[in-house]
Amino acid sequence: LGCGLLELVKNVDLSASNTLGLAARAQSVLCIDNDASLAAVCEAVRGHGVQRVLGGGSNVVLAAELPGVTVQVQTRGVQLLTQSAQARVVQAQAGECWHDFVQYCLAQGWPGLENLALIPGTVGAAPVQNIGAYGVELAQRFHSLVAWDLQAGRVVEMGLQDCQFAYRDSVFKRAAPGRWLIVAVRFCLPVRWQPVLDYPDLQRYVDLQGVASDAVEAQDVFDAVCAIRRSKLPDPAVLPNAGSFFKNPVVTREQYLYLARTWPDLPAHAQAGGFYKLAAGWLVEQAGWKGKRVGAVGMHERQALVLVNHGGATANQVLALAAQVQASVQQRFGVLLEQEPVVFS
Ligand SMILES: Cc1cc2nc3c(=O)[nH]c(=O)nc-3n(C[C@H](O)[C@H](O)[C@H](O)COP(=O)(O)OP(=O)(O)OC[C@H]3O[C@@H](n4cnc5c(N)ncnc54)[C@H](O)[C@@H]3O)c2cc1C
């Protein structure tokens, strides 16, 4: 957006700032960079009221007109805070690009985040939905974060318990939008690193490269994750999308067994507490949505879980299609799909 420190820019076009490519205008945008202070930001927003915080826009559905103030965090910097025999604590500023940060850590010889490579967006947004992929969730590598509580006007440090991480969820996603501005995130990266290759695709890829199991390095995992993601997921720069549009539903053992009697192929992973996580993509595909197009929007032809904008879509069209998909999955399987991206209006 190119706006300066604490400058409130009016009437900002956000169509290039969301990966779904929705045409959207913010009434005003406040950019926060490294020199911004909490006091100055609180002062600046007091009169206007922060309505929302926007990162890279890769997990949001934007309405055409966004009233009030939209805050964008553009702080930069990565620092090794401490190192012991067990772990390194690395801090990254919220405006850092997530994938670049993962790559930077690897280049420094600080492995641990490689399974989360190529997830779009910023470091500051990563705790919001506890990003996860290929067998690792942010919570497993989380140390703490620094946030500005814009309601109370103070700096807060939040640990693992405070963040209430759950599957694609946290206190930030559940609480009032714009209350906490995450300014820096600290990660706890293992010094005695072990590859996480639980995900069958990942193990297969590494095997195909001819790497012996005991010689797998973090760079191999990183390369595998990037290659698999590039082959599977549509690139938002080519076909605008927000990644998985629905979370994988978690059901009780009884419900899983009941469904599996009718659909023995139903993919499911046993969870703690006797629950089962079902593959939302499979449910959407079985309900007949794979590759289906409704006007300007549709479900991707290879990844049924990814809702795409074929060009000129609006938030209403996106949400209408999502509701149709939810209704048909509910009707067929009795399972409610929960939407993953956040709606800003
Ligand atoms: C192609 C594609 C693939 C994806 N794959 C994955 C995946 O594998 N796993 C996964 O978990 N997600 C995935 N996602 C979703 C998305 O990349 C993540 O949710 C990411 O963390 C969003 O980052 P962002 O900066 O774009 O956040 P935005 O979309 O801008 O915002 C998302 C939410 O975070 C809040 N937020 C953003 N920055 C801050 C901040 N500094 N302080 C407080 N709140 C903030 C916003 O208010 C909003 O509620 C994918 C998305 C795409 C497009």
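Visitor: Is Asn130 buried or exposed?
Guide: Asn130 is buried, because its relative accessible area is 0%, where buried means under 20%, exposed means over 50% and partly exposed lies in between, for a 1.4 Å probe and protein chains only. Please keep in mind that this is a predicted model, in which local features need pLDDT of at least 70 and side-chain atom pairs count only at pLDDT 80 or more, while totals for chains, interfaces and linings use all residues. Residues are numbered from 1 along each chain as its sequence is written, and side-chain values use heavy atoms, with hydrogens and water left out.

Visitor: Where is Asn130, and what is its phi?
Guide: Asn130 sits in the loop between helix 2 and strand 8, helices (H or I, at least four residues) and strands (E, at least two) being DSSP runs numbered from the N terminus. Its phi is near 50 degrees, which is a positive value in a residue other than glycine.

Visitor: What about Leu118, then?
Guide: Leu118 is also placed in the loop between helix 2 and strand 8, and it has a positive phi of about 65 degrees although it is not a glycine. Leu118 counts as partly exposed because its relative accessible area is 22%.

Visitor: Which residues does Asp169 touch?
Guide: Not counting residues up to four places away in sequence, Asp169 touches Val128, Gln129, Asn130, Gln164, Arg174 and Lys247, a contact being heavy atoms within 4.5 Å. Asp169 belongs to the loop between helix 3 (160-163) and helix 4 (171-174), and at 14% relative accessibility Asp169 is buried.

Visitor: Which side chain makes a polar contact with Glu340?
Guide: The side chain of Gln129 does, at 3.0 Å; a polar contact is a pair of N or O atoms within 3.5 Å, and within protein one must be able to donate a hydrogen and the other to accept it, with residues adjacent in sequence counting only if both atoms are side-chain atoms. Glu340 lies in the loop between helix 9 (315-333) and strand 20 (342-344), and Glu340 is buried, with a relative accessible area of 8%.

Visitor: Changing topic, how many residues surround the ligand?
Guide: There are 33 residues around the ligand, and the closest are Val53, Gly55, Gly56, Ser58 and Asn59, where near means that one of a residue's heavy atoms lies within 4 Å.

Visitor: Which polar atoms lie 2.7 Å, 2.9 Å and 2.8 Å from it?
Guide: A polar backbone atom of Gly55 is 2.7 Å from an oxygen atom of the ligand, a backbone N or O atom of Ile182 is 2.9 Å from a nitrogen atom of the ligand, and a polar side-chain atom of Arg229 is 2.8 Å from a nitrogen atom of the ligand.

Visitor: Which residues have the most contacts inside the largest nonpolar core?
Guide: In that core of 48 residues they are Trp98, Phe101, Leu113, Leu145, Met158 and Phe187, a nonpolar core being a set of buried Ala, Val, Leu, Ile, Met, Phe, Trp, Tyr and Cys residues joined through side-chain atoms within 4.5 Å. Helix 6 gives the most to this core, with 7 residues.

Visitor: And what does Leu113 touch?
Guide: Leaving aside neighbours within four places in sequence, Leu113 is in contact with Trp98, Phe101, Val102, Cys105, Arg141, Phe187 and Leu189. A second, separate core has 34 residues, including Ala280, Ala313, Leu321 and Val325.
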